[in-house]
Amino acid sequence: MTIATVICWFDLIAVVMGVMSASFGGLIRDTLLGRESVLFGPELYVTAALAGAVSYVLLLTFDLDAGELALLLAMLPALILRSGAIHSGWRLPRYQRLGGG
């Protein structure tokens, strides 16, 4: 069973486009400011965008009729993750190769 059979293609495209627009918007911002991009660090940036996008699609999938309410509710996980990363220093774990090489 593939992901496409579990969720609709439109939902998958919406999630991917949401994450891409948030990521590339941040990349353009950092490039224009002349600093290293947040995307290359361990900060929760793309993860927060992914959580918000998936939350929004899931809320709409479960027939939450009010699109505005779904949007506001979907912003909460992204806001909590990103705020925690900025103010409390939440980070993703570092990747380490197995075998010490």
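**Notebook: a helix pair and a pocket**

I looked up how α2 and α3 lie, and they are therefore roughly antiparallel to each other (the term for angles over 145 degrees). The model is predicted: local features need pLDDT of at least 70, side-chain atom pairs count only at pLDDT 80 or more, and totals for chains, interfaces and linings use all residues. Residues are numbered from 1 along each chain, and side-chain values use heavy atoms, without hydrogens and water.

Next I read the geometry. Helix α2 covers residues 9-33 and helix α3 residues 46-61; they pack at about 150°, axes 9 Å apart. Helices here are DSSP runs (H or I, at least four residues). Axes are lines fitted to C-alpha atoms over the stretch in contact, with angles from 0 to 180 degrees between N-to-C directions.

I then listed the contacts (heavy atoms within 4.5 Å). From α2 come D11, A14, V15, V19, A22 and S23; from α3 come V46, A49, L50, A53, V54, V57 and T61. I sorted these contact residues into 10 nonpolar, 2 polar and 1 charged. Asp, Glu, Lys and Arg count as charged; Ala, Val, Leu, Ile, Met, Phe, Trp, Tyr, Cys and Pro as nonpolar; the others, Gly among them, as polar.

Last, I checked the largest pocket, which holds about 220 Å³ of space. A pocket is an open set of points on a 1 Å grid where a 1.4 Å probe fits, with protein on both sides within 12 Å along at least five of seven lines; lining residues have an atom within 4 Å of a point. Of its 13 lining residues, A22, A48, A49, A78 and L79 are closest to the centre. Helix α4 gives the largest share of the lining, 6 residues.

Key: Helix = DSSP H or I, 4+ residues; strand = E, 2+ residues; numbered from the N terminus. Parallel < 35°, antiparallel > 145°, perpendicular 65-115°, else oblique. Points joined across faces, edges and corners; volume = space filled by probe spheres on them.
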